[in-house]
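Reader: I am new to this structure and would like a close look at a single part. Please describe the contact of one chain with its neighbour.

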Amino acid sequence: MSFLEYAPAPESRSVVDIAPSYGLFIDGAFGPASSSGGVFKTVNPASEEVLAEVASAGAEDVDRAVAAARRAFGPWSALPGAERAKYLFRIARIIQERSRELAVLESLDNGKPIRESRDVDVPLVAAHFFYYAGWADKLKYAGHGSDPRPLGVAAQVIPWNFPLLMLAWKIAPALAAGNTVVLKPAETTPLSALFFADICQQADLPPGVVNIITGAGETGRTLVEHPGVDKVAFTGSTEVGRQIARSVAGTSKRLTLELGGKAANIVFDDAPIDQAVEGIVNGIFFNQGHVCCAGSRLLVQESAYDEVLTALKRRMATLRVGDPLDKNTDVGAINSAAQLARIRELSDVGAAEGAERWSPPCELPAQGFWFAPTIFTGVTQAHRIAREEIFGPVLSVLTFRTPDEAIEKANNTPYGLSAGIWTEKGSLILAMADKLRAGVVWANTFNKFDPTSPFGGYKESGYGREGGRHGLEAYLA
Amino acid sequence: MPKSPSPAKAAKAERSASPAESDRRGRLAVRKTYKLYIGGAFPRSESGRTYLVDGDNVALASRKDARDAVVAARKAQTKWAAATAYNRGQVLYRIAEMVEARRDEFLALGVAAGELDAAVDRWVWYAGWSDKIAQVHGSANPVAGPYFNISAPEPTGVVGVVAPASFLGLVSVIAPAIVTGNTVVVLTATPQVAVTLAEVLATSDVPGGVVNILTGHAAETAPWLASHDDVNALDLTGVADPELATELERSAAGSLKRVVRPPADTPDFTADPGLRPMTALLETKTVWHPKGF
Amino acid sequence: MSGSAFNLRSFLHGLPGVDKVGVEARAAALGTRSVKTTAKAAAIDLAIRMVDLTTLEGADTPGKVRALSAKALRPDPSDPTCPSVAAICVYPAMVPVAAEVLAGSGVHLASVATAFPSGQAPLDVKLADTRDAVAGGADEIDMVISRGAFLSGRYDFVYDEIVAVKEACGSAHLKVILETGELGTYDNVRRASWLAMLAGADFIKTSTGKVPVAATLPVTLVMLEAVRDFRAQTGRQVGVKPAGGIRTTKDAIKYLVLINETVGDDWLDPDWFRFGASSLLNDLLMQRTKLTTGHYAGPDYFTLD
């Protein structure tokens with residue numbers, strides 16, 4: 001890479017104007033947290049620089065937000081669907097117009113490469129609002145009954161890996177179906193949700209239809225346990241999902257959960273090798289591996305093992321790790337110190353358990369949270385790194401001999417979110433796709449998302465689907 | 001246990017009041033023993049326990065029976081799900097035929113004629129859904145790219161069911177679960193009717209293990225199903241006690257089971273069930289593949 | 001089917017498949033690389049040094065070829081730091097004219113031969129064509145494969161033809177044009193690449209420039225993967241030449257990025273990578289001038305040839 005070492009190509013930060021502090025967005029206006037709340041700081045994980053101080057919502061604030069959403073619910077659900085649709089279309093358009101700003105903001109707060117926030121996250125956010133906007137006046141044709149009704153107030157708690165995209169997945173279908181929402185973004189990535197609140201104001205969305213309250217886990221817990229909410233939607237860890245499922249037991253709250261995964265990416269010896277290698281790389285290093293559906297277990301047919309591993313290592317050596325705002329960066333910063341510690345801990349366990357660890361030579365910045373793309377070979381189903389979700393750029397490589405063995409290993413997990421298959425043989429793809437216990441199966445591709453395509457898990461990866469016609473079901477009675 | 005005389009009890013009382021048929025024919029009647037239905041067989045409870053229901057000794061299922069039933073259900077599930085939808089529809093239709101054929105026996109157990117008709121019709125209704133639900137509940141998704149993308153429903157797996165007390169209620173929870181390829185472990189408090197249905201199932205080409213029926217006290221066995229890691233979903237339609245329902249739902253969260261909560265109001269099983277009883281026990285799988293040469 | 005034909009067929013059809021959507025997505029992703037400032041300056045000079053400055057028109061005359069050859073030597077007469085291009089590429093009839101201008105310059109002289117562009121001529125005609133071009137002074141021969149034979153599965157025929165032409169080339173380098181726009185699938189591009197390399201090609205080249213679809217990034221990516229894998233298996237390095245349709249500096253830099261991230265440094269050299277192009281050179285020169293002067297250049301300031 002010596003000759004064509006690309007010069008730095010940083011995206012300009014000047015397109016985004018981050019205020020020194022942010023309040024809560026309740027009933028159409030920003031305001032400080034009550035005395036029950038507090039403040040916290042959000043940092044740029046690539047530099048550890050403080051980006052802003054953000055209000056932390058306490059119990060009273062949650063009350064206020066739920067009450068505002070409740071007040072707004074009547075008029076909002078009574079609006080003709082076509083009118084709700086127009087608000088959503090308007091929001092979608094504003095997102096498109098402000099896409100550069102939102103992409104830079106997302107990369108600053110999350111640490112993901114600008115290439116991804118610009119080419120994946122933000123375009124999908126706009127697409128999601130466009131898609132569900134069109135459903136708002138067609139709900140009775142969605143296959144969920146001839147007279148579908150909204151549920152009421154939706155409490156939505158989203159993770160830090162795709163902050164704005166997860167917001168879109170939650171808010172767009174909820175609003176289209178006539179619900180109002182109180183959404184809590186993750187503690188480490190609150191900013192794009194707050195910018196979204198600004199977009200709601202810009203779109204003249206009626207006050208209370210969307211409320212954004214920031215805070216940590218406790219705020220989220222208060223929100224989902226609030227007696228005034230009718231629906232809880234959560235994306236995050238399986239452990240928290242379990243707690244939420246327990247907490248809504250015995251209530252009439254409807255619940256959808258999108259939780260963890262440990263997806264098998266299965267490569268047969270007749271795979272299109274170069275594209276399979278791209279798929280493996282995209283499967284685990286996309287978004288620093290902070291992806292619940294990441295292909296974190298590579299299952300390679302033994303007869304293709306050497307070929308695949310050689311090609312994979314060669315490809316990994318070209319990954320560009322560094323400044324998220326550089327347009328040529330492939331792998332950005334780990335989102336937080338806590339997440340970095342978890343990745344390190346599990347990787348150390350992998351090494352201690354005897355798996356062989358390999359990373360390409362790569363220089364990591366001194367400031368910020370970084371972890372080099374890593375693969376472990378010689379991993380078996382008994383290793384913790386083959387069972388636990390690492391949620392980082394760490395790939396466990398296992399082998400198999402026959403399709404049956406691949407299925408057995410792929411399904412041998414409490415999770416069931418996604419899976420990958422690489423082979424040029426059509427009947428093999430279809431048979432594998434049938435037998436894999438996972439909500440999304442990518443054959444000869446990986447980590448593809450679309451607003452029309454339902455997404456969600458089997459088993460401990462959660463329940464309910466987001467996206468597509470199916471995604472409306474979570475918000476309709 | 002029901003404090004007021006149940007219809008079954010009344011029917012039985014009637015039978016005993018008149019001079020027994022067998023006496024008229026000069027022989028003593030042979031009574032039926034009501035046992036559990038697990039993996040296609042009719043074992044006694046491994047605990048050896050029975051309890052008296054309307055004068056009959058009925059097997060009282062234990063936690064180990066629940067465990068065995070889950071094993072049987074799991075063993076049967078893959079194959080049942082892999083059977084063609086057409087085949088599952090045929091099997092359900094056969095159940096309808098066999099219930100109809102045993103009409104007198106169900107009536108004698110106190111099932112009202114109208115309810116029995118409705119139950120037979122419900123089997124027929126669900127039989128027809130077997131090869132249509134995927135078309136109605138699936139989709140071809142027009143993603144913004146050169147990809148083939150479809151979503152199709154799949155059974156969630158093994159379902160633990162606390163059945164409602166009526167025969168129509170029982171059928172209304174079993175049929176939607178199994179028609180799509182799930183297997184069930186059913187806890188019932190109406191043992192004679194449920195075991196008679198089991199006898200129907202055993203003679204209707206339903207593979208052993210697809211439906212397993214445990215008679216006894218749901219409060220005793222249901223918690224074992226709720227906490228069992230190899231149960232994928234829990235249908236609490238028949239749980240009358242809200243506290244028990246909450247406890248079971250909370251326990252089901254341990255392995256993130258899909259939970260069908262008890263109905264808020266007294267359920268009207270004669271109404272059109274809609275798709276929910278089936279879709280609540282289905283997973284949606286979405287498959288992507290690139291298109292190109 | 002002869003034994004060798006069978007072996008060739010099994011081998012070519014045993015190569016890993018190419019997934020269209022995947023390879024196009026990869027090429028498009030690499031196309032978003034941002035190459036700025038110093039890296040851009042280096043890339044432009046390298047791209048100039050990789051140009052096979054081409055004229056392949058029925059209307060070509062000695063005058064036109066002389067002018068083009070002069071431009072090949074000094075693309076920017078006003079700037080002595082501007083490098084020469086790699087080669088001139090002309091029809092065999094024009095070879096002696098170009099040879100005269102280029103003699104001793106280090107700029108190579110390439111000629112299309114073998115009944116370019118269709119390849120629909122008997123083998124002896126193709127060989128005569130080749131020998132004439134070499135005798136006239138060409139040190140590089142750009143041959144076309146018989147696409148008809150390839151598409152009808154007569155791989156041995158195509159193979160034998162390349163072997164024969166290679167022999168007729170003598171010491172001249174052989175570039176084998178696959179005419180990927182007529183091959184229909186990426187799988188065929190990969191197979192044709194291997195077939196050409198196995199038969200002795202020094203370079204594999206995408207296109208004649210005479211059919212609607214010429215060089216594309218994903219096709220070139222597939223060919224780069226082929227030369228990479230071929231070297232890994234045989235130890236022999238083969239060059240790659242996309243030709244046709246590459247008109248802007250931005251395009252050219254995308255190709256360099258492709259090399260950089262697929263096969264690496266070893267191919268970032270005019271000995272191993274060429275652009276078959278005509279109008280590309282002027283755009284490279286304009287961008288080069290913009291980088292040195294700081295303002296945008298205009299076409300009137302660069303020679304037309």
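Author: Two strands pair if DSSP finds at least two bridges between them; strands (E, at least two residues) and helices (H or I, at least four) are DSSP runs, numbered from the N terminus. This is a predicted model, in which local features need pLDDT of at least 70, side-chain atom pairs count only at pLDDT 80 or more, and totals for chains, interfaces and linings use all residues. Residues are numbered from 1 along each chain as its sequence is written, while chains are lettered from A and ligands numbered from 1 in the order in which they are written.

Two residues are in contact if their C-beta atoms, placed from the backbone, lie within 7 Å. By that rule, 29 residues of chain B meet 35 residues of chain A. On the chain B side, β4 (147–155), α11 (242–252) and β10 (282–290) each give at least two residues. The largest share, eight residues, comes from β10(B). By class, this side of chain B has 13 nonpolar, eleven polar and five charged residues. Here Ala, Val, Leu, Ile, Met, Phe, Trp, Tyr, Cys and Pro count as nonpolar, Asp, Glu, Lys and Arg as charged, and the others, Gly among them, as polar.

Strand β10(B) also pairs with a strand of chain A: β17 (residues 440–443) of chain A runs parallel to β10(B), and the two are joined over three bridges. Within this pairing, V441(A) has V287(B) of β10(B) as its bridge partner.

Chain A has a contact with chain C too, which takes 24 residues from chain C and 22 residues from chain A.
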